[in-house]
Amino acid sequence: VSASSVAPEKKYIKQERASIASGENYLRGASVFKEVKKDVEDDMREQFDSEMVQELKESNHVMERGGVQFHLAKDFGFCWGVERSINLAYSAIETFPDNQIHVTNELIHNPTVNDRLHGKNVNFIKKVDGSTTNEKDFSDISEGDVVMLPAFGATLDEMKSLEDMGVKVVDTTCPWVAKVWNTVHTHQVRGLTSVIHGKYAHEETMATKSMCETYICVKNLPEAEYLANYMLNGGDEEEFMKKFKVAASDHFDPKKHLKKIGLANQTTMYKKETRAIGQLLQRTIMAKYGPDKINEHYFEFDTICDATQTRQDAVSELCDWSSQDDIGLDFILVVGGWDSSNTAHLLEIPQMRGVRSFHINEADCITAENEITHRQVDGSIATDEFLPLGIDRSLRVGVTSGASTPDKAVQDALGRIIMLDQGMRAKASNGGSATDHATDLSTDRSTDDSDGKGALRTMLLKSAYSPRV
């Protein structure tokens, strides 16, 4: 066989990514920042830990403080991947004090953490005006700068551009996200189309799509059912492509690219829905090609983040508790960024089960007027009356937080609830206005002296409590 007749070796996207990551200016992993490790860990503990939340954990996740009984989810808050991302970002800032440092997106979806980075003079790269693909404006980046990739990862094109610009890249991508990228690589090797359960414009899904050869995104079970029906019965191709115009690869052809498929997901999606979509696609493939052909036409590997699973299970347990007579939670408070996908799913669970629940992104959402500004399941922001009036027992509150939420943000929110509840009870006893006894909510706005919340923290730590075993 002549050399000219031999087919060229197929190149995979993973090889491009690996080549970029092997460059001398590409930094990833804590081992490259060993010299600043202790200082960074001390800084993170100071900024994000909470004595009150630690006491809650040590009290079997239930305790009463300031007349309010708190039931903390068994799994909540910072996950390992988020802590790792913050640690790498802070380490880069300490290691390169004389360099301009950028991040290609919010590092994680939490206002507290991103505000801290702004305070450390990190430049957040903006999106190109009018871009429908989250394209970034790199015009502020100069050779020799340091650019951090967020926990969600970055697209392959962004990685290529940064390599060409001669900058140092600090990759803080969560390893669970990289696990999804390895899965879609397997799809490419096997000649499969990647069906991604995710929000097509979410930063993580944008990065994952860039690691695929051929893909289509479905955001929920109804979209997956539409896809499955088309696979089995055909349909209006023009309508199909219009529906998935921005959620499929440019060359996607439904007649060609739905014969062999593999499932992947955005790591923060609702796990039960991902599993339901997987079961639906398996049934669809078996109905079309026969059970004996399933392995030729379908591949699935669990890429739901462990932290996502355990936090969703824990809030489900809170919902179970809320129906028990001896607990009867008045509501569940979910604390986390409003643009955090994993936190949004923590709200969906109690809402689907009819449990009163609120999703706030910071303590300031709770006001002295007994109002709470909160994100609803549909993404809209509402302001409603908050604490129930006239109860003759301790208030019972279920508490959870997203994987990108510091414990200190949870403590701030619980402090607001204690102060508001005490003010309302004082009003009921004295016949005055509830807001007369809750005005401290408007002034004690944080939990450390640097941003004016020292009084709130002092109150929380001194307030009497009794653990419930």
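Trainee: What do the side chains of Lys160 and Glu16 meet in?
Mentor: A salt bridge, at 2.9 Å from N to O. The term stands for a side-chain nitrogen of Lys or Arg within 4 Å of a carboxyl oxygen of Asp or Glu. The pair links distant parts of the chain, with Lys160 in helix H6 (residues 156-164) and Glu16 in helix H1 (residues 13-21), 144 residues apart. Helices here are DSSP runs of H or I with at least four residues, strands are runs of E with at least two, and both are numbered from the N terminus.

Trainee: What should I know about the model before going on?
Mentor: This is a predicted model, where local features need pLDDT of at least 70 and side-chain atom pairs count only at pLDDT 80 or more, while totals for chains, interfaces and linings use all residues. Residues are numbered from 1 along each chain as its sequence is written, and side-chain values use heavy atoms, with hydrogens and water left out.

Trainee: How many salt bridges does the structure hold?
Mentor: It holds 14.

Trainee: Which residue does Asp43 form a salt bridge with?
Mentor: Lys120, with the closest N and O atoms 3.3 Å apart. Asp43 is in helix H2 (residues 37-48) and Lys120 in the loop between helix H5 (111-119) and strand E5 (123-124), 77 residues apart.

Trainee: And Lys136 with Glu158, what separates them in the chain?
Mentor: Their side chains meet in a salt bridge at 2.9 Å, N to O. Lys136 lies in the loop between E5 and strand E6 (146-149) and Glu158 in helix H6, so the pair ties together parts 22 residues apart in sequence.

Trainee: Is Lys136 buried or exposed?
Mentor: Buried, at 12% relative accessibility. Glu158 is buried too, at 9%. Buried means under 20% relative accessible area, exposed over 50%, and partly exposed in between, with a 1.4 Å probe and protein chains only. Lys160, at 30%, counts as partly exposed.

Trainee: Switching to the sheet. Which way do the side chains of strand E9 point?
Mentor: In E9 (residues 215-218), Tyr215 and Cys217 point one way and Ile216 and Val218 the other, and all are buried. In a regular strand the side chains alternate between the two faces of the sheet.

Trainee: In what sense do E8 and E9 pair?
Mentor: Parallel: strand E8 (residues 193-197) and E9 share 4 bridges, where pairing requires at least two bridges found by DSSP. His197 stands opposite Val218 in E9.
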